[in-house]
There are 2 protein chains.
Amino acid sequence: MKEKILLSGATGLIGSAVFNKVEAEYDVTTIGRNNRNDILADLSKPDSFANLDIERVDTLIHCAGVVDEDFKENPEQAFSMAVLGANSLVEAAARAGAKKFVYISSAHVYGPMIGHVDESTPVNPISDYAIAHFATEQVFRRKANTTASVLAVRPCAVFGHLESPGAFRRWGLIPFSFPRDAAMHQKITIRSTGEQRRNFVGTEDIASVILSWLKKPKLGFAAVNPTGSTSCSVYQFAQLCAASVKERYGLDCEIERVTPDGRTVGDDFDYVSLFSSARGQQSLSSFASEFMTSLREAL
Amino acid sequence: MKEKILLSGATGLIGSAVFNKVEAEYDVTTIGRNNRNDILADLSKPDSFANLDIERVDTLIHCAGVVDEDFKENPEQAFSMAVLGANSLVEAAARAGAKKFVYISSAHVYGPMIGHVDESTPVNPISDYAIAHFATEQVFRRKANTTASVLAVRPCAVFGHLESPGAFRRWGLIPFSFPRDAAMHQKITIRSTGEQRRNFVGTEDIASVILSWLKKPKLGFAAVNPTGSTSCSVYQFAQLCAASVKERYGLDCEIERVTPDGRTVGDDFDYVSLFSSARGQQSLSSFASEFMTSLREAL
C-alpha cells in the first residue's frame, strides 16, 4: 500500500512540482481553498479545519505558506494564516496520523542576505515575511519528537515551470519578471546596483530534496537549504536573460540599473547547503530561455 | 539635560520596577492604553500610532509584550499586537529620534526549558506565546544597526512587588500563585511532579540590568538573560512558601503533587547568563514572605 501524502499549495509554483515528483510513488491528497483540491480548506479560517474529515495520512507537505503579496493586502491576516492557520493544518494532519511534516519556508529566515549562509547559521528573520515564515517553521517544529520528523525547506530565489502564467501573481520574483521583461519589453529595470548575489534553485530540485528526505526522514527537526547550480548577482541574471532573448529572437534588451554605482550590501552573499543531497542541477539559463519562449508563444 | 525614555507597561509587574529604577536619572514618558499613562495608545490598534505626536525620545523600553492570557482570549489579536502593534510603537519611537530600544521578552524563546541555556543557545520558540515574543524581538531587531542599539531581555520566572495585587491578572505565574495559595488557603497544588527547575529573578534586578545597559549600550543587537540568585525546582519553591507561612503565622501548608512520581523533563534546566552584570541578588524567600504578609494584611 502506498504511503499517503496530504499536500497544500498543489497548484502553486513549488507545490505543483512536488505533486509531479511524488505522485507516482505516493497516494496524494491535495488540500486548499480552490476547488481543484481534493479537500477544501482555507488557512485564513483556522476554525474550518476543526471538523475536517481527513482519512489517514503519513505525511503533510505544506507548500502554501505566506507570500509577500499577503502582507501588502492584509498583514494581520497574513500572520494569522502563518501561525494559527498553519497550526490548524498541522493538527488536522496529526489527528489523521501524520508522522512526517514538511514546510516550504524561505532563505529569508536567516536574515539579511549577506556573507556565507548554510544550515548552521543562526536564524534572524527581519521582514514581516521572514518573521511569519519562521513562525510557521516553529508551528511545524512543535510536532518534532522521538517518533515524528519535521523538515523546513529554505530556498532562496526559486524558478520553475508555471502551469498557468496568466494566473501567476508573484511577479515580484526576479526569476519570472526578468525573463518576462526581456522577452516582452526588451528592457529590464533593476532598482539597485544589481550586485546583490542570489542562489537560483529550480522547483524540481526542491521537490527532489523533499522526495529523498521522505525516504529517509530524520527524527526530530531539520532545516535544509535546497540550492541550485547557479549563484550569481541580480545584474548577471539580467544579462543572462538579455543574452538569451538576443540569441533566440535577435532582440536587443536594455538593462537599466537605477543606482549603478557604489558598494552593495550582499554582493558577498554565498547561500549553500551542508548536505550534498540538497544541491540541485536544474539549469537556470534553460529555464529562462524556455520561459521566454512560452510567454512569446502565448501572445 | 536628562535623556528621555518612552516606557510602555509602566503600571505592570516589570514596567513599574523599571519606572522606579530610571525615573531619578531619566525623563520618563509613559505610553499605554490606561489613562494613568502620559500618552494614550493601544497596541491592538496599530494604526493609532501613526499620528502620535511624541516629542524627542532617546530610548524606547517596551514592557507591555503579550502575556499568556492574551492567547487564551484572542490569539489572532495577540499575534497582531506582538508584530504589527510592536512595530507601530518602534516606528513611532524611531520617528521621535530613539536610538536605544529595549524589549522585555521571555526565556521561552529558547524553547523547552531543559538542560543548560545561556545567551549563546539557539532560539527555538515553541508555544504561541514564545513564537510571539520572538517575533517582537525581531521587530525590535530591525532597528539594530551601526548607530542604534537593541536589547532583548529574557527573564525566566519573574517575581516582584505588585502595586495593586487586586488588579493583578497573571496568577498563572507561580511566584505569585504559590505564596497566595500558601498564605490564603494553606494548600499548594502542583499539576506535575514539580521537579522542573526554574530561575527566579526579581523585577528590580531586571530593571538594574536595563539601567546598566542604558549607560553602555552596545551598537547592534544583544540578548541578555537576567538571572536571579535562586534556581530551584517548582516543588522546592512550594516548600519554601510552606516553610515561610509556618514560620510567620504558625500555619501548616499542604503541598499536593498531582503526579509526584517519575522522571520530569526539565529537572536539569540550568538558566544562566554569560554576563556577570546580568546576575541579580534579590532574595526570593524575602519576596515570598513579604508578599504573603501583604496579602494577609489586605484581608
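Which residues make up domain 1 and domain 2 of chain A? Domain 1 spans 4–158 + 201–224, and domain 2 spans 159–199 + 229–269 + 280–298. These bounds come from an automatic or database domain assignment.

This is a predicted model: local features need pLDDT of at least 70, side-chain atom pairs count only at pLDDT 80 or more, and totals for chains, interfaces and linings use all residues. Residues are numbered from 1 along each chain as its sequence is written, chains are lettered from A in the order in which they are written, and side-chain values use heavy atoms, without hydrogens and water.

| Item | Value |
|---|---|
| Separation of centres, over C-alpha atoms | 27 Å |
| Buried area (accessible area, 1.4 Å probe, lost on being put together, summed over both) | about 1,900 Å² |

Carbon and sulfur atoms give 51% of that buried area. On the domain 1 side, A:Leu13, A:Met113 and A:Asp205 supply 27% of the area buried against domain 2, more than any other three residues.

Contact means heavy atoms within 4.5 Å. By that rule, 21 residues of domain 1 touch 19 residues of domain 2.

Four salt bridges cross the interface. The rule asks for a side-chain nitrogen of Lys or Arg within 4 Å of a carboxyl oxygen of Asp or Glu. A:Arg169 and A:Asp70 form a salt bridge through their side chains, at 3.5 Å, N to O. The domain 1 side that touches domain 2 divides into 10 nonpolar, five polar and six charged residues. Here Ala, Val, Leu, Ile, Met, Phe, Trp, Tyr, Cys and Pro count as nonpolar, Asp, Glu, Lys and Arg as charged, and the others, Gly among them, as polar.

Definitions and conventions
Buried area is the accessible area (1.4 Å probe) that two parts lose on being put together, summed over both.
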